[in-house]
Amino acid sequence: MSATSMERNFITPARAMTDFLLKPDDLKDLKATKRRSPYENEPPITVYWRKDVEAKAIGVWGSKENLLKELLKKELERKFYQQNIFTNKRRLRDYRRERNTQTEICLGNESGLFGSSGKVVLTAIAINGSNFLFKLFAWLYTGSHSMFSESIHSLADTINQLILAFGIHKSVQRADSDHPYGYSNMKYVASLISGVGIFCVGPACLCIMVLQ
């Protein structure tokens, strides 16, 4: 692009202040003209001759070299500011990630099998498991059919609560690539399996006994 064509270029006030570090007061004595806005249905915009803006900037800063030095200084300050923003965002992201990790650990310790529901299920497993063993030994010792039935009943309860315990334990597992939304609903799935299992196993055992 020739020097003559450069002199015919226009520049907006915002570009004049950004590219040449001028203030609004510096532009007051420059010749302004109206040009069609690049946006539809917008009024004409005010622009200045580029050669006039350059001459004004050199007059304000003393020389073209001083202007270039100041522009370089502003560019370094801008990059330093952007770097600080990036660093602060990264630190904030790391801080939030660490807080979330600590929160998940605390929730994992307070919920799951260590929470109130988990402790209740573990207690029920211990009680029903003990009942199953006592009833099984009683059936083996006496040969009573009622003891055999009760031992099967306690065994079913124990298996049912083991399924619930697995669901509670799995529900506090962290999200991964296969399950990005986590495993929090696993306890409800385990409850569904447990309920359906009780509903189906009971009639199935009854049918087997009837057929025999």
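**Starting from Leu27**

Author: Happy to! Setting aside neighbours within four places in sequence, Leu27 is in contact with Pro13, Ala16, Met17, Leu22 and Tyr48. Keep in mind that this is a predicted model.

Reader: Nice. Where does Leu27 lie?

Author: Leu27 sits in the loop between α2 (13–19) and β2 (32–35).

Reader: And is Leu27 buried or exposed?

Author: Leu27 is buried, because its relative accessible area is 3% and buried means under 20%.

Reader: Which residues make up the largest nonpolar core?

Author: There are 11 residues in that core: Ile11, Ala16, Phe20, Leu21, Leu22, Leu27, Leu30, Tyr48, Val53, Ala57 and Leu67.

Reader: What separates the C-alpha atoms of Leu27 and Ala57?

Author: Their C-alpha atoms are 9.8 Å apart, while along the chain the two residues are 30 residues apart.

Reader: What is Ile11 in contact with, again leaving aside neighbours within four places in sequence?

Author: Ile11 is in contact with Ala16, Phe20, Val47, Tyr48, Trp49, Arg50 and Val53.

Reader: Let's zoom out. How many helices and strands does the protein have?

Author: It has seven helices and three strands. Going along the sequence, the pattern is α-β-α-β-β-α-α-α-α-α.

Reader: What percentage of the protein counts as buried?

Author: That would be 19% of the 212 residues. As for contacts between residues at least 6 apart in sequence, 53% of them join residues at least 24 apart.

Reader: Switching topic: how much space lies in the largest pocket?

Author: The largest pocket holds about 620 Å³. Its lining has 22 residues, and the closest to the pocket centre are Ile152, His153, Ala156, Val201 and Cys205.

Reader: Which helices supply at least two residues each to that lining?

Author: Those are α6 (145–171) and α7 (186–211). The most comes from α6, with 11 residues.

Reader: What is the lining like by class?

Author: It has 14 nonpolar, seven polar and one charged residues.

Reader: Last one, where does UniProt place the feature "transmembrane region"?

Author: The UniProt entry, which is unreviewed, places that feature at residues 120–141 and 188–211.

Reader: How much of the chain is helix over residues 120–141?

Author: In the model that stretch is 100% helix and 0% strand, with its end C-alpha atoms 31 Å apart.

Reader: Great, thanks for the tour!

Technical notes
Residues numbered from 1 in each chain as written. Predicted model: local features only at pLDDT ≥ 70, side-chain atom pairs only at ≥ 80, totals over all residues. Heavy atoms only, no water. Core = buried A, V, L, I, M, F, W, Y, C linked by side-chain atoms within 4.5 Å. Buried < 20%, exposed > 50% of the residue type's maximum accessible area, 1.4 Å probe, protein only. Contact = heavy atoms within 4.5 Å. Helix = DSSP H or I, 4+ residues; strand = E, 2+ residues; numbered from the N terminus. 1 Å grid on protein atoms, 1.4 Å probe; cavity = no way out; pocket = protein on both sides within 12 Å on 5 of 7 lines; lining within 4 Å. Points joined across faces, edges and corners; volume = space filled by probe spheres on them. Nonpolar A, V, L, I, M, F, W, Y, C, P; charged D, E, K, R; others polar. UniProt positions renumbered as here; feature names shortened; annotations may be inferred.
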